[in-house]
Amino acid sequence: MSARVSLTQYLVEQQRANGNIPPQLRLLIEVVARACKRIAISVNKGALGDVLGSAHSENVQGEVQKKLDIIANEVLIEANEWGGHLAAMASEEMDSIHVVPNRFPQGEYLLLFDPLDGSSNIDVNVSIGTIFSVLRKVNNHRGVSEEDFLQPGKQQAAAGYCIYGPQVTLVLTLGDGVAMFTLDREMGSWVLTEKDVKIPSDTKEFAINMSNKRHWAPPVTRYIDECLAGTTGPREKDFNMRWIASMVADVHRILCRGGIFMYPWDAREPGKAGKLRLMYEANPMGFIVEQAGGLATNGRQRILDITPTKLHERVAVVLGSRNEVERVTRYHQEGA
Ligand code: AHM
Ligand code: MG
């Protein structure tokens, strides 16, 4: 049997090989991974713990929060605020940033997260996840403000997600490829189970919420209609469809076997940008997908090039297998 490589060993070896993981960043990744283990325990308790159902509160986007949204948010904050690796955190579930309290040392990184992605799946026992993104605090001034977070996604130092599914898997990029770690529940440790993850450039599988079709822009309708036309249509092949309604689970499938994921421009949303959040969902997933050889755009522009104007900004998302994302983006450029 080949030797098992732990997350710690992987990070140490990456640092030796590439020098791209300063001690604060390594601590940050290990702390987030540990927090994900705690969240996994709560997720697994389900109806046996007091974790299911609504918390009867709303987040800044006006969405009703689930108990697990709040539990996961608290676990991530508590785990991360004392270590000295962070200046501040931002979360999909908090109105404004959480600055590391004065009683702890301030670090040089900023952490952003969607603590529990796929909230609508919590109570029905379908895969959900935690998504995170790491930025450097680039300004050297004392203190930290929301403005420090408004950096384009290409400046991320690291990004990852943890999927709570049949297995608990942590997927990580530090800008040098993508690695997957599976949680060994008996040992309580993360074991490297896949490195240099690559998304196939071609696919016959798309993921989109078809019930929104009447709200899409013409380029998206054209792309999906062509997929649905099958072997006698312009694509001359049959496509399969999957929609889990947990971005983490849909992206994970794409990393494992290819595919295209779209949460497009939507005529109902304010600003019509779509549903997903740039800084907690699109940027980290865009970074991971690019590092695995795929592409991520908003239909017109590379996601990682967008400079955010506010913390909770929404964005249209098209990501996954390179040739399909290029096609959708070309249809947007052609106007339909
Ligand atoms: P959440 O962060 O509140 O859970 O919302 C994001 C989720 C994504 O994981 C998923 O792709 C999408 O919302 C599903 O939306 P819909 O229910 O409109 O299909
Ligand atoms: Mg989410």
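Let's start at helix H4, whose buried residues pack against strand E11 (205–207), strand E13 (260–263) and helix H7 (322–334). Helices (H or I, at least four residues) and strands (E, at least two) are DSSP runs numbered from the N terminus. This is a predicted model, where local features need pLDDT of at least 70 and side-chain atom pairs pLDDT 80 or more, while totals for chains, interfaces and linings use all residues. Residues are numbered from 1 along each chain as its sequence is written, with chains lettered from A and ligands numbered from 1 in the order in which they are written.

H4 spans residues 218–228, and its buried set is Pro219, Val220, Tyr223, Ile224 and Cys227 (buried: 20 or more other C-beta atoms within 10 Å, C-beta atoms being placed from the backbone; exposed: 12 or fewer; partly exposed: in between). These residues sit on the same side of H4 because they cover an arc of only 125° around the axis, taken from the directions from the helix axis to the C-beta atoms. Turned away from that buried side are the exposed Pro218 and Asp225. After H4 comes glycine 230, with a positive phi near 65°.

Now zoom out: the chain is assigned domain 1 (7–195) and domain 2 (205–335), with bounds from an automatic or database assignment. Across the boundary, 35 residues of domain 1 are in contact with 29 of domain 2 (contact: C-beta atoms, placed from the backbone, within 7 Å). On the domain 1 side, strands E5 (109–117), E6 (128–136), E7 (158–164) and E8 (168–173) each supply at least two residues, and E6 gives the largest share, five.

Terms used: Two residues are in contact if their C-beta atoms, placed from the backbone, lie within 7 Å.
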